[in-house]
Amino acid sequence: LPFDPYNTLVWAVPVLVVAPLAAFVIAISGVRTRRSASNTALFGAAVSLVATLLVAWGLAKRSAPFVSNYEYFNLSVAFNGPTNLQSFGMDIVLRVDHLTVFALLVVELCVIGALGWHRVMGRSEAGGARFHALASVFLFGSTGTLVSNDLGELFAFWGLTGTATYLLLAHRWGLDAPARATRIALALPFLTDLFLLCGIGVLYSRYGVQNHSNLGRSFLDITSLVPILHITSGATVKALVVASVLIFVGIAGRLALWPLSSWYTRTTIDAPAAASAMTQAVWSVLAIVVLYRLMPVFAASNAQTLRACLYACGAAAVIAPLIALVTNEPRRAIALAGSGVAAVGAAVVIHGFENAGFTFAVAGVACVLAAALARVAGALAASGAAGAMRTDDLNEMGDAWRRMRASAVALLVAALVLGLSATGALAYSVSSSSRLGLVLGEAVLLVSLASLRIFLAIAIGPLRRRRAFEPDRVREAAGSALVWAYVLALGGAVVVAAALVHNSLDFLDAHQHPVPNAETYLLWVAVALVGFAAAAIAYSTNKYGATRATTALGAWANRGASLAMRSAGRFVVGPAVAIAGGTEDWSPRRDDAMGESLLATGRFVIVLSRAPAIAVAIALAVLLAVTLALVSPGVFR
Amino acid sequence: MVLNIVASAIQAASPTPGPVTVPGAGIFSSSLLLSIMVWTPVLVAAAIAVLPNPRGRFDLLMKQIAFFTNLGLLFVLWVAYNQFENFLPSAQFEEKVAWLPAIGVTYHLGVDGPGMLMLILSGLIGLSSVLASFGIRERVRSYFCLLLLTEACVTGAIVARDMFVLLLFWAAASIPLALLILGWGGPRRESAAWRLVAYWGLGTVALLVAIMGLYASAGGTTFDMDVLLKIALSPRAQVAIGAALLLAGATRLPLFPFHGWVRDVYSEAPVGVAIVIAGSATRLGAYVMLRALVGAEPIGAQLLSPLMAAMAAVTVGYAGLVIFRSVDLREVGAHLAMVPGAITMLGLAALTPLAIGGSVLSLFTGGVVGALIVAVCAVVTDRAQSRSLYVLSGLAPRMPNVAWIMVLAALALLGVPLMASYPAEAMTFFGSIRTQPVWVFAVALGLAVVAAGLALVLHRVLFGAPNPDAPGVSDASLGETWFLAIMVGALLWVGVFPNGPKLPGTDTPIFDPGLINTMAAGITDIASPYALKS
């Protein structure tokens, strides 16, 4: 019988989700050494990758997605009222289409690359078994998020990935700086996750549970929700606007759009390099895919909401790379440049749903996917250089082109991919003369400038001798680690190239895309090239002048940020904590005073009980008479 | 009398007819199942009290008796859980005997879905508290007597279907607890015990007022819940009785501003006692409100619901903010333990079927999470020989087992997926957003503040740099932390299998019918006045 790979999807799709979970269970149940933990995690990720490739093969010639359904729980809560609100349930609905498979491949490559790097370069990290076990949970949550089609299920996987992210970023136990830095990695994303939860809650409150003949009972299945957005009784545009805004903030938090990017920009140095690189890249993929899937809800709200989201993305797209330009920590600068690309991608996705005739939204997703691979490659290569040069300051780095050629080349490829990643998306989506085109073009210019600047600062110029640092001892990173940076950077380059071809976009979303003309392509490539050229000119003519300028500007920016933080602490957090603390201190005093007054009352009663009854009765009668007289009309009133 | 009850229980045991759907359903049945659960701890406590124990020679035996009593009760509970008819709205395993006919008091017990959930919670917490108390060295006999009496009171209050009986068990629970704190607590135990008695006494008075109001409305003929909770009262009377019930519930849960006992009690009580208080005794506050306010006074509940939701939101925010200035880890745990109760209250305040379902599930999850967070803070302070956050630092590398449990407790408190608190929190939020949108967002913001506070505590205590001047630290083995493992296991089990484990493609549960299925019995009945409109 001819082998039809589509028939394997019934088990391949669950396997690609469950394989990392199985690796985690094996890891926590018996694996103790770093090497075996690494092998287990890599094996789980590799199985997931193989299953994804099988799924990709199975779906290659089919445009319809594959869907399977498993019941998680359901509960009847009422026998009256609207039928869609009489029950509540969450099903594990696994939905895989071309875009999902593509995103899955990117995520798995990012995780495998980071783990492969960490296996060699993270040898000295304590808690290797813990790291790899958490990485398996992270991959499990990520794959689950991508294949989820039920909003409750989606949030469950989303939250699980968030938990694993926090624990990965807080991996360095026993050191104060990482522990301090990761505080925000718990608090800020948790806040934005709550926004997402509330947004889903608003949708549930209007649409309830949907029943499907093919899926069974499911809570807010995305595919089935879209057609009923405007025909469900009780659903209003206002509710959709509220839900859209909440969901956007929830997604923006994990997409790390400025100013919600601090949860990973603050941890880039203190967290293990692999953890930081992996989490920032994978989250950008998850968030952009979820945004793309939920965009029909946004589109159903109103034009102003879409416009507001677009403005937020546009602002983030410009400001994040602008800050990257004045940041002298290479990994943080790469993270911010990547945040800029993510914002450009999100803007393209949102713009793609502004008009029913537009089909280019998927180009925004492709742009973020390409940048994700480059982000991991760049962060890992920069981390290797920073480790070898014993500094995280671009001012003190240099000469990598001579001393660490392979790392420098990896960084260069990553920077180029990062700068060019939005080219295809912009060519398909915006006119260069529109306001949006100007803003996003400016963002691309800044991203390319900021990303190449990192390479130039590390690669050229002398590497100076410092206290307890001898430049001649700088050695290239191990080849077995660098190969992963190369694989990821080249993978990103392939995705960038594919995003320029309309057939690949047609394949991803099963829509026909009008082909932009060559001038449009050239224009957007030229924008990125201008950014690269500006960086090259500035750093090749006067590297120290350029770094001094960015240092000075960075100091100003840091002062501004510190001032804002101090002001928030002084005028918001401080008073709130003081009020709560004062109440906490006052509470026992209040109780004590009340107890003492009760005690005094009791003593008074005892004294009264011993007093002559007639005298007490007369005194009470007099007291009562006086009181009544005072409150009677005519005396005071 | 007691022997007669035991004998009739044994005689009544017989195989259940009909098809066996899940294991445990056909082992035995008894018309006195609930009485067995309530009175067995009392009988064992009495037996322990009269057992000779010269110079503490049989201390270990006392502990073992308490442990196996709880284990046996858990087995009986498992049987009852599997025999429970899911989706049947009326009370099950009912027992009804006239007690004081002159004033209409009956010894009436029964349990529905929410009650069964509370019983499971009480059983798990009881076992955990006994295990956590194995380190008690002084006056062991008295300690376990009082602990078993406390468990009996809590179970009695859960299964009581007569308001008078409920009041008795409700009020009685505070006495052994206060004595336990007074006898085995920390340096400020006197203050803690008196505060507990005062606040819970205030709540008891409020509950008494509410019950007397209902009793008077019923013509002074009966205290039976089946009658009292079905009387049609005027809106004014409903608000008055509802306010009294709110006060009773708020002092016990506790909610701001009736939380004055929390800090002292949780930080001074022995670990086992703190587990019982945070786990099951305090949940009675929400349970009574569910039964008597939400389930019986719909107009009163609707009028009071903004106040209830506001109290929930303020409690969460307050607990989060206070953590920032706490310097005592056990006080941090005490304030964190207030959060699950507030989530439950939000669900009750929302008055939608889904939110009520969420609040019922959060009775269980909140109890376990509250007990876990209080217990793990106590264990950390015990093992690290200090309670000060200035001293406790960087413990994770030196006590990884306890550190992981503390991290899991923190995540469960925040409602992270795969923990039982996630479905409860999601149901509560989704159900509340339509009727109490502002307070839902306020609670969400409060939870974010709690997350920030938790991040601070985890940084200081676990992940930061170790303090070289701190006393010696040792990790706990699994044997020493069984009581924590039970609670973590319960949270994970319900989080992963809320519907019970099933083979893929089938609807038959393997051995656990699922907490969600069990609690459904009764919720539709309670929620029927609050059906949403399109």
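Chain B exposes about 17,100 Å² of surface, and carbon and sulfur atoms supply 69% of it. Keep in mind as you browse that this is a predicted model.

**Chain B as a whole**

- Chain B is built from 21 helices and 2 strands. Its radius of gyration is 22 Å, close to the 24 Å that the globule rule gives for 534 residues, so chain B is as compact as a globular protein of that length.
- Buried residues make up 65% of the 534 in chain B.
- Among the contacts in chain B with a separation of 6 or more, 79% are accounted for by residues 24 or more positions apart.
- On the charge side, chain B carries 26 positive and 24 negative side chains, and the centres of these two sets lie 6 Å apart.

**Salt bridges: the overall picture**

- Side chains of opposite charge can pair when their charged atoms come close.
- Over all chains, a search of the whole structure finds 29 salt bridges.
- A network of salt bridges links Arg590(A), Asp591(A), Asp592(A), Arg188(B), Arg195(B), Asp264(B), Glu268(B), Asp328(B), Glu331(B) and Arg387(B).

**A bridge within chain A**

- Arg307(A) and Glu354(A) meet through their side chains in a salt bridge, at 3.2 Å from N to O. Arg307(A) sits in helix 12 (residues 303-325) of chain A, and Glu354(A) in the loop between helix 13 (330-352) and helix 14 (361-389) of chain A, so this pair ties together parts that are 47 residues apart in sequence.
- Both partners are partly exposed: Arg307(A) has a relative accessible area of 38%, and Glu354(A) has one of 27%.

**A bridge between the chains**

- Glu584(A) pairs with Arg263(B) in a salt bridge whose closest N and O atoms are 3.6 Å apart. The pair joins two chains, because Glu584(A) belongs to helix 22 (residues 543-610) of chain A and Arg263(B) to helix 10 (residues 262-268) of chain B.
- Glu584(A) and Arg263(B) are both buried.

**A bridge within chain B**

- The side chains of Arg291(B) and Asp112(B) form a salt bridge at 2.4 Å, N to O. This pair links distant parts of the chain, 179 residues apart: Arg291(B) is in helix 12 (residues 283-294) of chain B, while Asp112(B) is in the loop between strand 2 (105-111) and helix 4 (113-132) of chain B.
- Arg291(B) counts as buried because its relative accessibility, 10%, is under 20%. Asp112(B), at 5% relative accessibility, is buried too.

**Residues to visit in chain A**

- Phe3(A) lies in the segment before helix 1 (9-30) of chain A. With 53% relative accessibility, Phe3(A) counts as exposed. Leaving aside residues up to four places away in sequence, Phe3(A) touches Thr8(A) and Trp57(A).
- His98(A) is part of helix 3 (residues 98-121) of chain A and counts as buried at 12% relative accessibility. Beyond residues up to four places away in sequence, His98(A) touches Leu59(A), Ala60(A), Arg62(A), Ser63(A), Phe507(A) and Leu508(A).
- Ser124(A) occupies the loop between helix 3 and helix 4 (128-147) of chain A, where it is exposed at 72% relative accessibility. The C-alpha atoms of Ser124(A) and Ala497(A) are separated by 37 Å, and the two residues are 373 residues apart along the chain.
- Gly81(A) is in the loop between strand 1 (66-76) and strand 2 (87-96) of chain A, and it is partly exposed with a relative accessible area of 35%.
- The neighbours of Gly81(A), not counting residues up to four places away in sequence, are Gln86(A), Ala531(B) and Leu532(B). Between the C-alpha atoms of Gly81(A) and Ala557(A), which are 476 residues apart along the chain, the separation is 55 Å.

Terms used
Residues are numbered from 1 along each chain as its sequence is written. Chains are lettered from A and ligands numbered from 1 in the order in which they are written. This is a predicted model: local features need pLDDT of at least 70, side-chain atom pairs count only at pLDDT 80 or more; totals for chains, interfaces and linings use all residues. Side-chain values use heavy atoms; hydrogens and water are left out. Helices (H or I, at least four residues) and strands (E, at least two) are DSSP runs, numbered from the N terminus. The radius of gyration is taken over C-alpha atoms; the globule rule is 2.2 Å times the number of residues to the power 0.38. Buried means under 20% relative accessible area, exposed over 50%, partly exposed in between (1.4 Å probe, protein chains only). Contact means heavy atoms within 4.5 Å. Accessible areas come from the Shrake-Rupley method with a 1.4 Å probe; for residues, only the protein chains shown count as cover. Lys and Arg count as positive and Asp and Glu as negative; His and the chain ends are not counted. The place of a charge is taken as NZ of Lys, CZ of Arg, CG of Asp or CD of Glu. A salt bridge is a side-chain nitrogen of Lys or Arg within 4 Å of a carboxyl oxygen of Asp or Glu.
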